[in-house]
Amino acid sequence: MRNLIDIKDLSVEEIDNLIKVANDIIANKEKYSHKCDGKKLATLFFEPSTRTRLSFESAMLELGGSVLGFSESSSSSVSKGESVSDTIRVVGCYSDIIAMRHPKEGAPLVACQKSVVPIINAGDGGHNHPTQTLTDLLTISREKGRLNDLTIGLCGDLKFGRTVHSLITAMSRYKGIKFVLISPDELKLPDYVIENVLKKNNIEYCETKKIEEYLPELDVLYMTRVQKERFFNEDDYVRLKDYYILNKAKLETAKKDLSILHPLPRVNEINTDVDDDPRAKYFEQALNGKYIRMALILMMLGIK
Ligand code: CP
């Protein structure tokens, strides 16, 4: 039985195949509309979500399956003291596959050890978000036509931004990737990602506080929200939350074919005047999240 806890649980070949299937789904939606007839997806979200939960549910519905679950732990028996492991074991009696989000790093890994059905990590604390990474890879691949030979700027909260950690891990397996890490000192990429991913794989990278410094070189600019919910101190959040605000004027020096991505939700880090710029791809990215999750559900249920 397959679980997806970390993006490294998938080989590069499997990721490339998921992208291929997602592109086929986009081109031939009807062909897939009964692939999951009779199958049930449970979405167990112990932390808020719009895109991940609803795109998973929409993905399963478009495959002909059905969905059940909860969107906050207060409406489950976890609020009475039931453990996550027991919850997962029981939900496996009612479903064929589970997508789970939890504020604690490692919770989906613990859960999958007791589960009788496949578990998909839909985000665990500040750690990982592998299905957002699949979404990002599908978007980059569709926009740039490749996943190699790219200069990727990652901007904002690189410390707590789990999507950044998973994306760096995934892209480091492709050739010719250079990262520009743009953050204030307080929100720099954690040492464990620098040591275990970037340095270990000899990936070229540089760090800067100024978004303007490397902007003209970027093929992809991946903006992120400052993760308010992971801060211990409100004053620190208030001081850092508007450190970067991308607007149309700042994009003047950027490449004409830059792709601007954001896992969303955004707060202030991308001004709405960027939304109409043809380089803004974050809403397409959100839509791609549904298609790649359709491909992933098929793969994990072993449906051709
Ligand atoms: N990108 C993302 O994970 O969004 P949600 O928190 O709305 O699911």
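I call a residue near a molecule or strand if one of its heavy atoms lies within 4 Å of it. This is a predicted model, where local features need pLDDT of at least 70 and side-chain atom pairs count only at pLDDT 80 or more, while totals for chains, interfaces and linings use all residues. Residues are numbered from 1 along each chain as its sequence is written, and side-chain values use heavy atoms, with hydrogens and water left out.

**Ligand**

I listed the residues around the ligand: Ser49, Thr50, Arg51, Thr52, Arg101, His129, Gln132, Pro263 and Leu264. I sorted that shell into two nonpolar, five polar and two charged residues (Ala, Val, Leu, Ile, Met, Phe, Trp, Tyr, Cys and Pro count as nonpolar, Asp, Glu, Lys and Arg as charged, and the others, Gly among them, as polar).

Next I checked polar contacts, meaning pairs of N or O atoms within 3.5 Å. The side chain of Ser49 has an N or O atom 2.6 Å from a ligand oxygen. For Arg51, I read 2.9 Å between a side-chain N or O atom and an oxygen of the ligand. Gln132 puts a polar side-chain atom 3.0 Å from a ligand nitrogen. Taken alone the ligand exposes 260 Å², and the protein buries 91% of that (Shrake-Rupley areas with a 1.4 Å probe).

Where does the ligand sit relative to domain 1 and domain 2? Domain 1 (7-128 + 288-300) and domain 2 (130-286) both give residues to its shell, so the ligand lies between them. The domain bounds come from an automatic or database assignment.

**Cavities**

I then looked for cavities (sets of points on a 1 Å grid over the protein atoms alone where a 1.4 Å probe fits but cannot get out; lining residues have an atom within 4 Å of a point).

The lining of the largest cavity includes Arg51, Gln132, Pro263 and Leu264. Helix 10 (282-300) is one of the helices that supply at least two lining residues, and helix 10 gives the most, with five. Helices here are DSSP runs of H or I with at least four residues, and strands are E runs of at least two, numbered from the N terminus. Both domains contribute to this lining, so the largest cavity also lies between them.

**Backbone**

The Leu264 to Pro265 peptide bond is cis, with omega near 5 degrees. I placed Pro265 in the loop between strand 9 (259-261) and helix 10.

Note on methods:
On a 1 Å grid over the protein atoms alone, a cavity is a set of points where a 1.4 Å probe fits but cannot get out, and a pocket is an open set with protein on both sides within 12 Å along at least five of seven lines; lining residues have an atom within 4 Å of a point. A polar contact is a pair of N or O atoms within 3.5 Å; within protein, one must be able to donate a hydrogen and the other to accept it, and residues adjacent in sequence count only if both atoms are side-chain atoms.
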